[in-house]
Amino acid sequence: MSHPSSPAGTADRSLGQLFASATAEMSALVHDEIALAKAELRQDVKRGAVGSAAFSAAGIVLLFSLPMLSFALAYGIRTWSHWNLAICFVLSFAANVLVAAVLGLIGMVFFKKAKKGKGPQKVVASAKETAAVIQGVKPHPRPALDRPSLDKAATPMPADAPLPVIGEPSAVGRSSA
């Protein structure tokens, strides 16, 4: 019968099996924490990529749309208001700069969000929790073994005497095969 405080199923398992199980579980825990860290970093990189794309879009809009948009807008203003053509071109340029500024602000917002990401916070918290649990584990008390004294006053054991095995009775029969 197992001890009431021992986990279910551990009473019938050997020390090697328990150690192998603990090693496998620790390995799985480490792999899961690494996967979580990758996922969190991937999210921060994605935010940075969106910010970069917004800045790139702002530059492309400003670069490629200026000539066509400026001419179309300037001539449209001239047709509507009958102002001087130079003033109409300045107004169309101001509209393009306004569009680029809005896209630039969107890029800044995404960059700030990416910068605020402090990396794998969940993994750090999980690792600290695991370390706290492991530090709180206390070894089971082991019974004291009767071992012969190693000082010079003790009688030496015969060379052909079998050594006592820990955890087994000392009177174990040996075959002479």
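Colleague: Which elements make up the protein chain, and in what order do they run?

Modeller: This is a predicted model. The protein chain holds three helices and zero strands, and from the N terminus the order is α-α-α. Of its 177 residues, 13% are buried. Among contacts between residues at least 6 apart in sequence, 65% join residues at least 24 apart.

Colleague: Where is confidence lowest among the helices, and where is it highest?

Modeller: The general idea is that, where pLDDT is low, the predicted coordinates should not be read in detail. Here the mean pLDDT of the protein chain is 76, and 69% of its residues reach 70 or more. Helix α3 (residues 121–136) has the lowest confidence, with a mean of 76, whereas α2 has the highest, at 88. Over residues 168–172 the pLDDT falls below 50, and this stretch has zero contacts in the model beyond near neighbours in sequence.

Colleague: How many aromatic pairs does the structure hold?

Modeller: There are three aromatic pairs. In one of them, the ring centres of F55 and F111 are 5.3 Å apart and the planes meet at 25°, so the pair counts as stacked; the cut-off for stacking is under 30 degrees. This pair links distant parts of the chain, with F55 in helix α1 and F111 in helix α2, 56 residues apart. F55 is partly exposed, at 31% relative accessible area, and F111 is partly exposed as well, at 32%.

A further pair, F71 and F89, is edge-to-face, with 5.2 Å from centre to centre and 85° between the planes. F71 lies in helix α1 and F89 in helix α2, 18 residues apart. F71 is partly exposed at 45% relative accessibility, and F89 is partly exposed at 24%. Ring pairs also join F71, Y75 and F89 into a cluster.

Colleague: Which residues make the nonpolar surface patch?

Modeller: F55, M108 and F111 make a patch of about 240 Å². M108 is in helix α2 (residues 85–116) and is partly exposed, at 40% relative accessibility. The accessible surface of the protein chain is about 14,600 Å², and 68% of that belongs to carbon and sulfur atoms.

Colleague: What is the phi of H82, and where is H82 placed?

Modeller: As a general rule, most residues other than glycine have a negative phi. H82 has a positive phi, near 60°. H82 sits in the loop between α1 (15–81) and α2, and it is exposed, at 66% relative accessibility.

How values were computed. Residues numbered from 1 in each chain as written. Predicted model: local features only at pLDDT ≥ 70, side-chain atom pairs only at ≥ 80, totals over all residues. Heavy atoms only, no water. Helix = DSSP H or I, 4+ residues; strand = E, 2+ residues; numbered from the N terminus. Buried < 20%, exposed > 50% of the residue type's maximum accessible area, 1.4 Å probe, protein only. Contact = heavy atoms within 4.5 Å. Areas by Shrake-Rupley, 256 points an atom, 1.4 Å probe, with all protein chains shown as cover. Patch = residues over 30% accessible without salt bridge, like charges linked within 9 Å, V, L, I, M, F, W, Y side chains within 5 Å. Salt bridge = Lys/Arg side-chain N within 4 Å of Asp/Glu carboxyl O. pLDDT = per-residue confidence, 0-100. Phe/Tyr/Trp six-rings, centres within 6.5 Å; stacked < 30°, edge-to-face > 60°.
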